[in-house]
Amino acid sequence: MRTRRIPAPVLCVLLAMWGCAMWAAGCGVRPPMLGGDEAPMVAGRAGIACQVAETQSEPPNPAGPRTIRLGHSVEGTPLVLHLFGRGDGGTLVIGGIHGDEPNGADVAQRLLEHLEAEPGARDGPPVAILPQANPDGLARGTRGNARGVDVNRNFPAANWRRLEPGHRYYGGRWPASEPETCAVLIAIRLTRPERIIAIHAISGGRHCNNFDGPAEDLARAMSALNGYPVVASLGPCHGSLGNWAGVDGGIPILTLELPRLLPGPDAWDQNRDALLEAIGLGRFIPVAR
Ligand SMILES: [Zn+2]
């Protein structure tokens, strides 16, 4: 019986095409579809996915916000999302993605405490707050997480890129390889936000309202209240949340860059009105809904 053999050059081309497809399956991951009830499945190169490990929707304190446990950091600290208001959408506020920018986590925590004390917040516009997205980094005072990954370069954006461990912007072994990144992706899937505010800090007088995606109006509304300039781009930021959610996914996202050395209480005073405005509880300009 005669068997047909695939010529060697054709075999090489087929193997190369298969290799490219496998690579794309891991690295060219697109934002998960927003909507639907299933947990987000964000495939990495090893086929690992972000899944909702455990959730808890009962308020620990009946008078307080509902909470969802999104998972754990590398070193086991729970990553907890706090929910206010009614309905879907609204605003997702994230603090402390970079552990060496503690005033960002402090401002997110102060916003959370402000809403806990605000009688109208429980029935107001929907707001979800993840005050400490990188608790291990915050505990160590390091930019990255406990594995040295810059969580804000680990999102499965089209422009994610591979860098060597130890690099300041090391984005992990593959996109969404870190549990902290997964927690943010899960929070976005669960809350389906109309806008995202990520609170960071920056040195050299470059504090600003930086936006990605269709968030220029939001940046201008906040600028009117915190006095920070509106900035469209802070550089390529490969694999950042801004690129994944704003540029690739079309979700308005505002990266609030605080002055790096400004203590948390002062940063809160400077930004309280702008943040309340952004989440729809401000007293100044109605945020378009
Ligand atoms: Zn930062």
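Student: What conventions apply to the numbering and the atoms?
Tutor: Residues are numbered from 1 along each chain as its sequence is written, and side-chain values use heavy atoms, with hydrogens and water left out. In this predicted model local features need pLDDT of at least 70 and side-chain atom pairs count only at pLDDT 80 or more, while totals for chains, interfaces and linings use all residues.

Student: Is the site of the zinc ion tetrahedral or irregular?
Tutor: The protein donors (N, O and S atoms within 2.8 Å of the metal, or 3.2 Å for Na, K and Ca; water is not among the atoms, so sites may look incomplete) are His 98 (ND1), Glu 101 (OE), Glu 101 (OE) and His 200 (ND1), at 2.0 to 2.4 Å from the zinc ion. Because the angles among the four donor atoms run from 56 to 154 degrees, the site is irregular.

Student: Is Glu 101 buried or exposed?
Tutor: Buried means under 20% relative accessible area and exposed over 50%, with partly exposed in between (1.4 Å probe, protein chains only). Since Glu 101 has 5% relative accessibility, Glu 101 is buried.

Student: Which residue forms a salt bridge with Arg 140?
Tutor: A salt bridge requires a side-chain nitrogen of Lys or Arg within 4 Å of a carboxyl oxygen of Asp or Glu. For Arg 140, the closest N and O atoms are 2.4 Å apart, and the partner is Glu 75.

How values were computed: Four donors count as tetrahedral if all angles lie between 85 and 135 degrees; four count as square planar and six as octahedral if opposite donors are over 155 degrees apart and all others between 65 and 115; anything else is irregular.
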